Amino acid sequence: MLQEESDLSLIIAQIVQKLKGSNLYSQLERQAWASLQRPEIKLESLKEDIKEFFKISGWEKKLQNAVYSELSVFPLPSHPAAPPEHLKEPLVYMRKAQGSWEKRILKSLNSMCTELSIPLARKRPVGEQKELLNKWNEMGTDEPDLSLFRPVYAPKDFLEVLINLRNPNYENGDSLSFRTHLGLIQVPLKVKDIPELGALGRSASNKVINKKQNMGPRKQDPNQREGEFPRNDSKEKFQDKGCTTGLKHNNPRLEQEKECFVELGLNIGQLGIDDSTQVPPELFENEHVRIGQKVLAEQDSAAAQQYIRQGSPTALRAELWALILNISSQPEDVLYYEQLKTNVIQHDLLVDSLIYKDVKLTASNDDYYFVFEDYLYQVLLCFSRDTSVLSHFAFNSASPPKSYIRGKLGLEEYAVFYPPNGVIPFHGFSMYVAPLCFLYHEPSKLYQIFREMYVRFFFRLHSISSHPSGIVSLCLLFETLLQTYLPQLFYHLREIGAQPLRISFKWMVRAFSGYLATDQLLLLWDRILGYNSLEILAVLAAAVFAFRAVNLMEVTSLAAAEAVLADLSTLKVMPLLQIFLFATVT
Amino acid sequence: MAGKVKWVTDIEKSVLINNFEKRGWVQVTENEDWNFYWMSVQTIRNVFSVEAGYRLSDDQIVNHFPNHYELTRKDLMVKNIKRYRKELEKEGSPLAEKDENGKYLYLDFVPVTYMLPADYNLFVEEFRKSPSSTWIMKPCGKAQGKGIFLINKLSQIKKWSRDSKTSSFVSQSNKEAYVISLYINNPLLIGGRKFDLRLYVLVSTYRPLRCYMYKLGFCRFCTVKYTPSTSELDNMFVHLTNVAIQKHGDYNHIHGGKWTVSNLRLYLESTRGKEVTSKLFDEIHWIIVQSLKAVAPVMNNDKHCFECYGYDIIIDDKLKPWLIEVNASPSLTSSTANDRILKYNLINDTLNIAVPNGEIPDCKWNKSPPKEVLGNYEILYDEELAQGDGADRELRSRQGQSLGPRAGRSRDSGRAVLTTWK
């Protein structure tokens, strides 16, 4: 009890510290000063009156959202004496593996640099700057010679590294048993099984609610709000509407499954299922839209996150995501983006060519995203120069690569992070941005949303860590789900040399972008935001295999298995997930 | 039914031939006894010309209406629509209501167009009213973007008429007739690029009007960023979306510069909202139906005929759709793999509706296929149903939900009270 309290006060202190430096703080201060003019603010009860004013004017809500946002990215609490590396990654062997992977990437980048005699960075001559400025909106028409550039690495290279990960302290003996993990990932990380995936939804939202409760009198307890927003207990509300038939549960373990990703339950309305043409809109969709509009009107991040677990109506999605990610386009943000743009104009970075190459290889050829090619350059080039991204390395197992001013190798005073944001793009990186173009067409807003999505989620997909949403855990989760619930399929695929992870890895690394149809992808990303976790990617990957199991059982080679799973564009994500989580017979 | 369907075609495209063969139909020549003839527009002209004296028997079907050009020639389409509007106005129909500027509220879906040389003076008058406008010159009888150019000065027309073979406007032969339309220089841009919509509409009969819209239409994007700048008026890659033109530019053979209509819908709903998007799609359905109604009275509603049209529609930045033209012979060439699949399925669904059960046709049938065979088509407008009971429910599909209020209007043939439609 005592420990929890002191943990909590530590967290509170850290968040307060963080927010003190933010723009919101100065705005609140200004508002507080301005409010002194108001008649209802009396000297005797100054503190209470100002608090009341904040509540009424919506500023408290903004503060709440900011706190909520910080909580969402806040790393799991650890021992107060733990060194900063532990925040990045508690397990030593993982840290080591990430370190050596980074060395390899850097080596590859440097050798490309030397081979092509291109500097990592150079200042553009004025003429070139002008030209680029003119062409800012159509950089896609530029056809620089990229033939000599290679992507620094591709997902399959990364997979090889993960396959070779070993915990030196772990000895599982030579004898095979039914416990032996048949998959490629051989590290002992704890991953959830289907019943636990169920409890995921419930515990996550409870933890947040408790934290907020304890934050002090200023924060309103969302539980006290009249059941306007769909919470766990409002499951009943939708059960009455009876969208789909429930399952008969004799098995207590399966009972727990009903709590599965709680809100994805069969009894609960989902967008992506219950808005299809056969279902009359009155049953679920209309009400869901109405609630969504209410959530937006209230501007409550926590409520939005809870709401979006059942999917977002297309018209509300852009605003909901912005609310959940706590992005509000202030003039300062636009200015910041313009500043980044100026940086792009003035300096040319080697990674720019990598970005060009990546876009040309992936998004430009994509049926859905080719239209937005130019937006991708505008976002990614600026992203590379954004040093505010460096702060996320505090909880990322990766570290930004360091480079030295020419001739000053090893001298710390001349060390810079390269690229400025510390993130080296790999093959397929631009696909993280592409789907967002369907929602935001204003470059600075698109940029902000992407940046936030990256520092909350996407970075975990290409760094080696033990985090439950990290790619290693996702791979293990995928393999474990498959081995536990589809053992025959898994064994068969393994026998023919088609380890399932070899096929599904690329889906997960890209968060399925470019593999699913866009409307389905957006429904999937709704749930990533809603559950603040990437685990759903592994579950979906397993669900896809389950769906095509019959065909997969008949193939006799890796190539044939790839062919069966080559085209995911017709898949409907939500029914697949529901079937896998709720209707899989153990 | 005895015997297999015997087919002929003078368009050698695999999407057609594969569909015939998969039905087990037998290929014959045009001189033999045939049941189904997929004709080019030249052939249909010959078949139905007065001199030919061709008589089609009850078990013969062709894929064009004899005088389809009333809809598919640019000048005749405009003429028919203008006539239709005037008729409605004379009747006092609420459909023909105008706003305070004299523009039709519901029937203003074709850009201002004049026939050249006949309406030259009228055109000049209009041009002088807004001298900074751009106009687009299109030859009446050509396709694939051939012969099209943009002008923004009267002198450019004069130059063109001088450069063409005839010495004066008056002696222009019918073949070289042009239309000149107000160019929509504020098209809706996505990713900074201009695009148009290609929608397929199947008409099985004009009186009563029964037409179907193919759900899988697509958008054709220009490969180059759009600019209304006058210096780029000559750059056809900026302005003309025809694949025949774009494919000579920076053309990508994987996606072909095409988007599905559902992508467009998703994008618009996400960025503009559901109401305005639904309104846009309603209006698109509306203008297609109105264009068909406009030509229905003059169409030779030969019972041996059906036709699949390619509608070209442009959306401007106020989300208003404009009908640009209707093609009688939409291209069956495939520029990408997806394209091939789409066109194959299009023909497949078309044949399922036009030739029921794939059996030897009897053109006396009521042309009312059961719902199951529609495939990717959905009923756009069925005059018989609209005039009967329960019209609203029949016509309302979830996607064209808004067909409801429109259908209500059409049902009354413009005589009853107009439902205000936001």
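Modeller: Start with Gln129(A): leaving aside neighbours within four places in sequence, this residue is in contact with Arg124(A), Ile345(A) and Gln346(A), contact meaning heavy atoms within 4.5 Å. This is a predicted model, in which local features need pLDDT of at least 70, side-chain atom pairs count only at pLDDT 80 or more, and totals for chains, interfaces and linings use all residues; side-chain values use heavy atoms, with hydrogens and water left out. Residues are numbered from 1 along each chain as its sequence is written, while chains are lettered from A and ligands numbered from 1 in the order in which they are written.

Gln129(A) sits in helix H7 (residues 126-134) of chain A. Helices (H or I, at least four residues) and strands (E, at least two) are DSSP runs, numbered from the N terminus. Gln129(A) counts as buried because its relative accessibility is 17%; buried means under 20% relative accessible area, exposed over 50% and partly exposed in between, with a 1.4 Å probe and protein chains only.

Elsewhere in chain A, helix H16 (residues 350-361) and helix H17 (residues 373-384) have axes that come within 10 Å and cross at roughly 150 degrees. H16(A) is therefore roughly antiparallel to H17(A), a label for angles over 145 degrees, with under 35 roughly parallel, 65 to 115 roughly perpendicular and the rest oblique. Axes are lines fitted to C-alpha atoms, for helices over the stretch in contact, and angles run from 0 to 180 degrees between N-to-C directions. The crossing of H16(A) and H17(A) is right-handed: the near helix is turned clockwise from the far one by less than a right angle, anticlockwise being left-handed. On the H16(A) side the meeting residues include Val351(A), Ile355(A) and Tyr356(A), and on the H17(A) side they include Leu376(A), Tyr377(A) and Leu380(A).

Chain A as a whole has 26 helices and 4 strands, and 54% of its 586 residues are buried. Chain B has 14 helices and 16 strands, with 57% of its 422 residues buried.

As for confidence, the model scores ipTM 0.81 and pTM 0.84. Chain B averages a pLDDT of 81, and 85% of its residues score at least 70; pLDDT is the predictor's confidence in each residue, from 0 to 100. Over residues 165-175 of chain B the pLDDT is below 50, and this stretch has 12 contacts beyond near neighbours in sequence. Residues 390-422 of chain B are also below 50, with 66 such contacts in the model.
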